[in-house]
Amino acid sequence: MHPQARPQPKPGVSPVVNIKKPQTFVLDNGLKVMIVENHKLPRVTFNLALDNEPFFEGTIKGVDELCNNMIGNGSIKIAKDAFNEEIDFLGANINFGSKGAYASSLSKYSGRILELLAHGALHPNFTQEEFEKEKAKLFEGLKAEEKSVPAIAHRVVEALAFGKNHPSGEYMSEETLKNVTLADIKKNYETYFVPENAYLVIIGDVKYNEVKPIVENLFGPWKKRSTPKLTYPAPQNVAFTQINFVDVPNAVQSEISLVNTLNLKMSDKDFFPAVMATYILGGDYTSYLNMNLREKHGWTYGASATIGSGKYVTKLKAASAIRSAVTDSAVVEFIKEIKKIRTEKVSVELLNNVKAGYIGRFVMQVQKPQAIARYALNIETENLPTDFYENYIKTINAVTPDDVMRAANKYFLLDNTRIIIAGKGSEVIPGLEKLKIPMFYFDIYGNPIEKPVL
Amino acid sequence: MLGGVASAQKIAFEEYNLDNGMHVILHNDSSVPVVVTSVMYHVGSKDETPDRTGFAHFFEHLLFEGTENIKRGEWFKIVTSNGGVNNANTSDDRTYYYEVFPSSNLELALWMESERLMHPVINKIGVDTQNGVIKEEKRSRYDNQPYGNIIGAVKENMFKKHPYRWTTIGSMEHLDASTLEEFQAFNKKFYTPNNAVLVVAGDFENAKAKEWIQKYFGSIAKGETLKKETFVEEPITQTIHANYVDHNIQIPMLIATYRTPSMKTRDARVLDLISSYLSDGKSSKLYKKIVDEKKMALQIDAVGFSQEDYGMYILYGLPMGTHTSAELLKEIDEEIVKIQTELISEKDFQKLQNTFDNRFVNKNATLEGIAENLATYYLLYGDINLINTEIELLHSITREEIRDVAKKYLNPNQRLILDYVPSATAPN
């Protein structure tokens, strides 16, 4: 057949979107329960989520992660081995953490699994023996990651962008981990594992009327408490664009991140324009960054841009792992693409394509039980208008090329950006110096240092 | 109890062949307005020659470059602008492409996949670009990651004759040395309708789907009939000792690997149960003893690396503090000897049944998963009905079989002991 005889087919009629709501109720202690019945498969998932503010751990950084790793190893009523044995025996999974718990199970065992989840989460047994064991494992884990280039890059990006005196910028080290005591773990749990901002989302083969009294019975006695309300210094972006370099001699690629901090709530008018600008810059295969760094030059497996959103300060990050030899050239291209989205209006065609992608993914997700629950949770936790998702398609369609450019200028702070690079200094520093961008050096923990001797 | 779980999720499907030999599988599910279209080609890195490794995976990149009707760089734009998502992946045995669209775009998806098969554009610019991209993929995924080269190091020691001895991502030197004509010949040989299965799963009308499938795939010419080569490995009768130096790590890893039979065999399923018994969950034998009670390891795990011709059963652990790999191995061996000489307890046996029931239900929980499983059971297992019946097969395995299979495959002289170690100095 001749190619011309095979034109691209036109789409059919778009499916109608129905936004369902979960059934909900609230306990006196503040726990909000959301139930989405779905009887397609004989299974249930339970997700207990604590929507707490981020908090600073300081000299005992690691206490929350350690607490996270210790919760759910049995309870004060059921010994650890019997507890773990029973979960495994039922063929189920429960993951406990300091910010909640998640379980999945066949529906025939779901009653017992919910009971075990409540036991483990609400009545943890923090013992000295388990404390020592989990602490030793964390020490070992730090050591195992010591030379990991992506791990080093991640740590330094957060530390420099938010500052080490901020919950999002501090990191665990051997030193801070050493300071943590069992009493700290208990205190951390008492302070933050509270029902004030807690949600229990139940999805699957259960009946609302049957599960409601069970939840009331298990979670009703959870004592009502509030978390401390703390404030932290707002992270400051740098006054001028600069390279922050970390020498990692074993690196076979350079991890490059262009970062600035920002505040963007899901309910902000700018939310969709900002998200779309980010998507156009580095959201998928056809993004500016990927088409340049991957498809045009073949310098990387992929490049991306992500923008945080929510109630707290977050960041824009454009990043890629780049072949060492072209690190400096890649920096130039990163800057070029961010400049482009700030100064050139996106074409209507490109924007329409991006919108169609968002709408298509929404249409495909919206009727899945997980999406029904997630949307309801977002409305609660992000303080969104109740018709946020009813208006979703309309809101997306209303975004204009001007909106996108304005949002890019507001959030992609090209003149106040840190270009953080973790790579093999002896190979890449000489090239970077030729860019004439001010360059500062840091160790693998984000401490300023002199230029390393190569 | 068995009937309860098995009958709770019967995956209904219809299958037929086109005249050109392409196999078609349809699965209807109208619960969400989504349709998955996928094609699995029976070509993986095991179909490569020893001097041209990495070819199969290379095509996974190349066949997004464009076709006679889809310009270079347009593939992803068409998918996104029509509300879809897509991807592909390659293993040693097969290559898999898929699109997920709102149900209104099935015809578009079928057209795109037929374009990829009917007239892909394979030219120098695409080959050169993707060659660069893949080198960076290898650096990102393997060479710059702590413990990133485990599988490659295991494979080259476990197989002497079988192409499983090289990695899917292959050798960059081979890709550099290959000619455009070689890529085109590979495409012509393996990317044929009679070497592929097309799956449509989700919300669609059967009659309409069949009409479009005929319209877009029916006229594609049949390719040569391929005969899969067989490679028979000599049994391992003496422990293979090897080591691998990883510049990105600080803690050595113990890796013990046994060669296992094809994933299609009953013994391979028995070994899956054994793997679960040893290392699934906090109450499993190895985790509980080595990590929890004796605190000798940061982590201990066993994975079954299941494949069409042979598999591998890979046990690995990270010793803690002053403990050594040799100590871990001793503990592991004790547990294996127990499985070989005693029957596992009734309770542990029941636990395995529950675990696999749960796994079975979850395996087909998403439409994307069902589409891939239908293709895999048809193309690699040669028995599509396994999507519904494999659980019965697992339930029919006895405690005695678990003991006998452990005795047959998991002996010290049948394995590789790989010391995966940090470098003494940083590389230059």
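Trainee: In which sense do strand β8 of chain B and β10(B) pair?

Mentor: Antiparallel, over eight bridges, with β8(B) taking in residues 253–261. Strands count as paired if DSSP finds at least two bridges between them. Strands themselves are DSSP runs of E (at least two residues) and helices are runs of H or I (at least four), numbered from the N terminus. Keep in mind that this is a predicted model: local features need pLDDT of at least 70, side-chain atom pairs count only at pLDDT 80 or more, and totals for chains, interfaces and linings use all residues. Side-chain values use heavy atoms, leaving out hydrogens and water; residues are numbered from 1 along each chain as its sequence is written, and chains are lettered from A and ligands numbered from 1 in the order in which they are written.

Trainee: Got it. Which residue does Ala256(B) stand opposite?

Mentor: Leu315(B), in β10(B). There's a partner strand in β9(B), residues 297–305, which runs antiparallel to β10(B) and is joined to it by eight bridges. In that pairing Ile300(B) faces Gly317(B), and a hairpin of four residues links β9(B) to β10(B).

Trainee: How many residues of β10 in chain B are buried?

Mentor: 10 of its 10, across residues 310–319. Buried means under 20% relative accessible area, exposed over 50%, and partly exposed in between, using a 1.4 Å probe and protein chains only. Tyr310(B), Met312(B), Ile314(B), Tyr316(B) and Leu318(B) point one way, while Gly311(B), Tyr313(B), Leu315(B), Gly317(B) and Pro319(B) point the other, and all of them are buried. Side chains in a regular strand alternate between the two faces of the sheet.

Trainee: Switching to helices: which residues in α9(B) are buried?

Mentor: Ala209(B), Trp212(B), Ile213(B), Tyr216(B) and Phe217(B). They sit on the same side of α9(B), because they cover an arc of only 105° around its axis, where the arc is that of the directions from the helix axis to the C-beta atoms.

Trainee: What covers them?

Mentor: The cover includes β1 (14–17), β2 (23–28), α4 (106–118) and β6 (196–202) of chain B, with contact meaning heavy atoms within 4.5 Å.

Trainee: Over to chain A. How many residues are in the largest nonpolar core?

Mentor: It has 64 residues, and those with the most contacts inside it include Phe245(A), Tyr389(A) and Ile419(A). The largest share, nine residues, comes from α9(A). A nonpolar core here is a set of buried Ala, Val, Leu, Ile, Met, Phe, Trp, Tyr and Cys residues joined through side-chain atoms within 4.5 Å. A second, separate core has 55 residues, including Phe25(A) and Val206(A).

Trainee: And Gly423(A), is it buried or exposed?

Mentor: Buried, with a relative accessible area of 0%. Gly423(A) lies in β11(A), residues 418–423. Beyond its neighbours within four places in sequence, it's in contact with several residues, among them Phe245(A), Asp247(A) and Gln253(A).

Trainee: Where is Ser287(A)?

Mentor: In the loop between α9 (271–282) and α10 (288–296) of chain A. Ser287(A) is buried too, at 2% relative accessible area. Not counting residues up to four places away, it touches Tyr279(A), Ile280(A), Leu281(A) and Gly282(A).

Trainee: Last one: how many helices and strands are there in chain A?

Mentor: 16 helices and 13 strands. Its C-alpha trace spans about 65 × 60 × 45 Å along the principal axes, and buried residues make up 57% of the 454 in the chain.
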